[in-house]
Amino acid sequence: MERHKINYKLAIWILVLRFIAGYLNVMVLLLFAQSVAGHTGNLTKVAILFAHGDYDVMLNMASMSISFLVGATVGGYFYPTDRFQPRLNYGNYLIIMGVILLLFNWFGYQSVYFLIYIAFSFGLQNGMFVFYKGLVIRTTILTGTVTDIGVELGRNLRGGTEDRWKLRFHIVNLLCFLIGAVSATAIHLYTNWNVLLIAAVIDIAIGLYYFTLKEDMIKESLEEE
């Protein structure tokens, strides 16, 4: 398979990962008024709550960041090198995550355990080294993406036009997160659809999709050898 076709399929997979991150983050915000993706705000609140002596709420907030850290640690264990390897089981993780979401949907998700799990899964997803044309792509937190957009925009303004595709990709990446966020909000507010069931189905679908991508990338690497 031609390299540009594999890059196209890889880009779709990455952008759907970003979509589901925006979707899940807003879903949790709507249901629990709690953010599980970005932890600058969470840890700032932890410090404020500690100063006020509100230790119960502080521990609840801290557990989200700790769960995210544990998820990232697990990601570092299973993805031990700073490079994207098609033979690694990214698809299995996504399918398992989707199945766990299905279990929460069936048995109930109105508990702190659901929040802890989502924070853990975000940390694990963010800890997966996903590369696109040499770029390290984080698929949950936006701070790095906004920084990348600013850096590439500055380079373009300075006249560095050879890598304009990077700026376009980072902008599309950001937009996919926002589209996921808007989708979750619209489904929650204006339909009777099961917002969590949809997230579970998307996770399982992109996990299965990865196996077709993985097969193409392995074939290409064997042809190059």
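User: In what order do the elements of the chain run from the N terminus on?

Analyst: The order is α-α-α-α-α-β-β-α-α-α, that is, eight helices and two strands. Helices (H or I, at least four residues) and strands (E, at least two) are DSSP runs, numbered from the N terminus. The model is predicted: local features need pLDDT of at least 70, side-chain atom pairs count only at pLDDT 80 or more, and totals for chains, interfaces and linings use all residues. Residues are numbered from 1 along each chain as its sequence is written, and side-chain values use heavy atoms, with hydrogens and water left out.

User: How is a pair of aromatic rings described?

Analyst: By the distance of the centres and the angle of the planes. Rings of Phe, Tyr and Trp (its six-membered ring) pair if their centres lie within 6.5 Å; planes under 30 degrees apart count as stacked, over 60 as edge-to-face and the rest as tilted. This rule gives 13 aromatic pairs. One of them, Y132 with F169, is stacked, at 4.5 Å centre to centre and 15° between the planes. That pair links distant parts of the chain, 37 residues apart: Y132 is in strand β1 (residues 130-132) and F169 in helix α7 (residues 164-190). Both Y132 and F169 are buried. Elsewhere, ring pairs join F32, F104, Y109, F114 and Y117 into a cluster.

User: Which residues make the nonpolar surface patch?

Analyst: Patches are made of residues with over 30% relative accessible area and no salt bridge; like charges are joined within 9 Å, nonpolar side chains (Val, Leu, Ile, Met, Phe, Trp, Tyr) within 5 Å. A salt bridge is a side-chain nitrogen of Lys or Arg within 4 Å of a carboxyl oxygen of Asp or Glu. Areas come from the Shrake-Rupley method with a 1.4 Å probe; for residues, only the protein chains shown count as cover. V99, L103, W106 and F107 make a patch of about 480 Å². L103, in helix α4 (residues 90-107), is partly exposed at 37% relative accessible area.

How values were computed. Buried means under 20% relative accessible area, exposed over 50%, partly exposed in between (1.4 Å probe, protein chains only).
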